[in-house]
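Here are some notes to read beside the structure, written as numbered points. Please keep the model open and find each place as you go.

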Amino acid sequence: MCICYTIMNSPLGELVLTANSAGLTGIQFGTHQLQTSHSTLTRNDKHPILQQAKLELEEFFNKERERFTVPLSYNGTPFQTAVWDQLLKIEYGLTKSYQEIAEAIENKKAVRAVGQANKANKIPIIIPCHRVIGKNKKMVGYAGKEITKKQLLLKLEGVLK
């Protein structure tokens with residue numbers, strides 16, 4: 001299956017959006033991963049799913065959109081997909097703790113595993129792993145060591161001042 005990509009500018013810097021015929025498959029921060037992420041990656045700025053994702057992200061960054069409707073195409077372990085499905089339920093402007101996500105998937109001892117599933121999320125922003133914070137309301141983990149991106153997204157949504 002061919003994976004197409006486009007690049008867009010955002011308040012977080014350049015974003016690389018990837019999609020297949022079924023839906024959006026990824027959002028990457030910066031173009032530095034382009035060569036290593038997919039062996040059959042084709043640039044296609046006119047791909048309808050990529051165009052929709054780009055428009056919706058622009059609206060989100062302009063505070064004109066709170067919910068995304070672009071189709072998603074993600075896969076992972078059953079545990080990861082259960083976590084990502086829960087993340088999709090966190091509404092704009094709200095946060096949940098890793099503990100609350102673990103409890104929602106009926107695995108209350110899996111707090112660290114929830115963190116690892118968040119880290120494995122290939123569609124950040126739209127699958128809003130930035131809305132997951134520490135139990136003590138602290139900012140912990142985002143896209144590796146990109147806490148500033150998490151803070152910017154939560155400020156945009158009005159969670160942080």
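1. Cys-129 lies in the loop between helix 5 (111–119) and strand 6, where helices (H or I, at least four residues) and strands (E, at least two) are DSSP runs, numbered from the N terminus. The unreviewed UniProt entry lists Cys-129 under "active site"; UniProt positions are given in the numbering used here, feature names are shortened, and such annotations may be inferred rather than shown by experiment. Cys-129 counts as buried, at 6% relative accessibility, where buried means under 20% relative accessible area, exposed over 50%, and partly exposed in between (1.4 Å probe, protein chains only).

2. Please bear in mind that this is a predicted model, in which local features need pLDDT of at least 70 and side-chain atom pairs count only at pLDDT 80 or more, while totals for chains, interfaces and linings use all residues. Residues are numbered from 1 along each chain as its sequence is written, and side-chain values use heavy atoms, with hydrogens and water left out.

3. In helix 6 (residues 147–156), the buried residues are Lys-149, Lys-150, Leu-153, Leu-154 and Leu-156. They cover an arc of only 155° around the axis, which puts them on the same side of helix 6; the arc is that of the directions from the helix axis to the C-beta atoms.

4. The buried residues of helix 6 pack against strand 3 (24–29), helix 2 (48–61), helix 4 (98–104) and strand 6 (132–133), with contact meaning heavy atoms within 4.5 Å. After helix 6 comes Gly-158, which has a positive phi, near 85°.

5. Glu-59 belongs to helix 2 and is buried, with a relative accessible area of 18%. Leaving aside residues up to four places away in sequence, Glu-59 touches Glu-64 and Arg-65.
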